[in-house]
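Take a look at the fold below.

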Amino acid sequence: LGLFMVAAGSGVDQAMVFVALCSAGVAFTLFHALRRAGETWPVALAPAVLLTLLAIAQHLSAVMMLDSSLALVTLLFAIRTAAFLDKPDYRNALWFAFAAAAGCLIKGNGVANLAALPFAIVVLRRWDILRRWQLYAAAAIVAVLTAIPLAIAFAWLRENSIFTPLTGAL
């Protein structure tokens, strides 16, 4: 959102355009993923249109929150994680690493994306993925891309917060 507002200007209107673009991006990404999976136009278009028409999706597009951008990044992460499980090459690993890092940086609950791949490996019994260097390269990319900005943010909060840490027994 910050990068978008730097380019488009700072204001409520620009922020709402960003939220609307992210919501439209979720619908388009869903449609595109279904088309790539071999679905026909009507079958791929129906979930995207229904998603757009849902009351909760319309509500999230009308409030200034980062949930729609996190939904977009999480959908991209899920698609790339599935692609990595299907074909564990460096390109899929890079894409899901960037999507995972973006999810972690957008909002705190984006960290939940990081549990998806280990869960999928266990459920699908794809133990061979654990022997692939691409998995560990992706983990390193996520660690580097998220650790530095989060460390800076936590240091700034520690210095500038009006709250004091809890000490002793409650």
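At what angle do helix α5 and α7 pack, and how far apart are their axes? Helix α5 (residues 67–86) and α7 pack at an angle of about 40°, with the axes 11 Å apart. α5 is therefore oblique to α7. Angles under 35 degrees count as roughly parallel, over 145 as roughly antiparallel, 65 to 115 as roughly perpendicular, and the rest as oblique. Axes here are lines fitted to C-alpha atoms, for helices over the stretch in contact, and angles run from 0 to 180 degrees between N-to-C directions. Helices are DSSP runs (H or I, at least four residues), numbered from the N terminus.

A word on the source. This is a predicted model, where local features need pLDDT of at least 70, side-chain atom pairs count only at pLDDT 80 or more, and totals for chains, interfaces and linings use all residues. Residues are numbered from 1 along each chain as its sequence is written, and side-chain values use heavy atoms, with hydrogens and water left out.

Back to the pair. α5 passes α7 in a right-handed crossing; the near helix is turned clockwise from the far one by less than a right angle. From α5 come Phe77, Thr81, Phe84 and Leu85, which meet Ala116, Leu117, Ala120, Ile121 and Leu124 in α7. By class, this contact of α5 with α7 has 8 nonpolar, 1 polar and no charged residues. Contact means heavy atoms within 4.5 Å. Ala, Val, Leu, Ile, Met, Phe, Trp, Tyr, Cys and Pro count as nonpolar, Asp, Glu, Lys and Arg as charged, and the others, Gly among them, as polar.

Now compare another pair. Helix α2 (residues 12–36) and helix α3 (residues 41–53) pack at about 160°, with axes 8 Å apart. That is why α2 and α3 are roughly antiparallel. This crossing of α2 past α3 is right-handed. In α2, the contact residues are Val26, Ala27, Leu30, Phe31, Leu34 and Arg35; in α3 they are Trp41, Val43, Ala44, Leu45, Pro47, Ala48, Leu51 and Thr52. By class, the contact of α2 with α3 has 12 nonpolar, 1 polar and 1 charged residues.

Next, the loops. Two residues sit between α7 and α8 (133–160): arginine 125 and isoleucine 129. Is each one buried or exposed? Arginine 125 is exposed, at 65% relative accessibility. Isoleucine 129 is buried, at 0%. Buried means under 20% relative accessible area, exposed over 50%, partly exposed in between (1.4 Å probe, protein chains only). Phi of arginine 125 is near 55°, a positive value in a residue other than glycine. Most residues other than glycine have a negative phi. Isoleucine 129, leaving aside neighbours within four places in sequence, is in contact with Phe84, Leu85, Pro88, Ile121 and Leu135.

Leucine 114 lies in the loop between α6 (90–106) and α7 (116–124). Leucine 114 is partly exposed, at 37% relative accessible area. Its contacts beyond four places in sequence are Ala100, Cys104 and Val142.
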